[in-house]
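This briefing is meant for a reader who is meeting the structure for the first time. Please keep the sequence and the model in view while reading the points below.

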Amino acid sequence: MAESLTPLIQTLHDSLMVLAPGGWTQLELKFAQTPEGLRLSELNARGDGSKAPRPRPDLHIDPKLEAERLSEGVSELQQLLAQQKKATWAPGSITVSRTPDFADYKLLKADGSTAWFTRLQKEHLDSLLMTDALFDMMEGTQRAFHDLQGRLEARLRNTTGFAFEPQLSSLSLRQKEGPPLDVPALVIGQYYPDAFTWTWGWAHEDANPHTVERVRRVCAPDVTQPGLSALWRSQFHCDEGFAWTLAGSIVVSLGARGLFRAELPEDDGVIFFALMADP
């Protein structure tokens, strides 16, 4: 049985949501063949996003790296189409048209004829990681998080380390001078750089039930709200900067004082804590 290409197309769509201006309805992508494989050479947007881009949060994702990931995904698509004998597509262009209900992908030959066509249905779009709904949520909280974080970091300038008591939901912050600061805290999640993976705190089975309940209430993984899979997926691949931005939005929703990034020993990643009181 031929492998479904839908998950790969969804991954490509996530990259396009990062690279294209907010509010786009049509895209034209052009690719060039290089010694390293296909590389995105041009991206043209049409629709609302081409003239008056929809407000977007700062995702803290390097667009050059995202373009490379998109190009690698398109190279994989090209190979799978050939292996499954569905289409032969030389480096050329791809057009994408989207509405709230679907997104159409066309791989075009040099003469403009269609080499391959597929459609992402609404249920596929609703389960994407990068969506307008997520961007709206993050954009709506970003200014408040920036203000909170600025005040918090000013207070933590003398911090030299930390200790966490999971059962007490308390973070002990060591200082250059004076006694440690004990601050109530919730584990928002953990990022693993080597695996390029973010895992939500509510998904940790050994976490404090108090922490799980409060973070879970905001993320609502049991509801699986359309367009917000970044909240209800227990884990997913992303840049750490994006995980930080997402966690910051949750901090605002929790009414916390800010976000504390704690590096774990033995290269076991970092934990993001929401500090629930002023240190």
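Predicted model: local features only at pLDDT ≥ 70, side-chain atom pairs only at ≥ 80, totals over all residues.

**The chain as a whole**

- The chain contains 8 helices and 12 strands, and its C-alpha atoms fill a box of roughly 70 × 40 × 35 Å when the box is taken along the principal axes.
- Of the 279 residues in the chain, 45% are buried.
- When contacts between residues at least 6 apart in sequence are considered, 61% of them join residues at least 24 apart.

**The cysteines**

- For Cys219, the closest cysteine sulfur is that of Cys238, and because the two sulfurs are 13 Å apart, they are too far from each other for a bond, given that a disulfide requires sulfur atoms within 2.5 Å.

**The packing of helices α6 and α8**

- Helix α6, which covers residues 209-219, packs with helix α8, which covers residues 240-254, at an angle of about 105° and with the two axes 10 Å apart.
- That angle makes α6 roughly perpendicular to α8, since angles from 65 to 115 degrees are counted in that class.
- On the α6 side the contact involves Arg214, Val218 and Cys219, while on the α8 side Ile250, Ser253 and Leu254 meet them.
- Sorted by kind, the residues of this contact between α6 and α8 comprise 4 nonpolar, 1 polar and 1 charged.

- Asp104 lies in strand β4, which covers residues 102-108, and it counts as buried because its relative accessibility is 14%, where buried means under 20%.
- The side chain of Asp104 makes a polar contact with the side chain of Arg119, at 2.5 Å.
- If neighbours within four places in sequence are left aside, Asp104 is in contact with Thr95, Val96 and Ser97, and also with Phe117, Thr118 and Arg119.

Note on methods: Residues numbered from 1 in each chain as written. Heavy atoms only, no water. Axes fitted to C-alpha atoms, helices over the stretch in contact; angles between N-to-C directions. Helix = DSSP H or I, 4+ residues; strand = E, 2+ residues; numbered from the N terminus. Parallel < 35°, antiparallel > 145°, perpendicular 65-115°, else oblique. Contact = heavy atoms within 4.5 Å. Nonpolar A, V, L, I, M, F, W, Y, C, P; charged D, E, K, R; others polar. Buried < 20%, exposed > 50% of the residue type's maximum accessible area, 1.4 Å probe, protein only. Polar contact = N/O pair within 3.5 Å; in protein donor to acceptor, adjacent residues only side chain to side chain.
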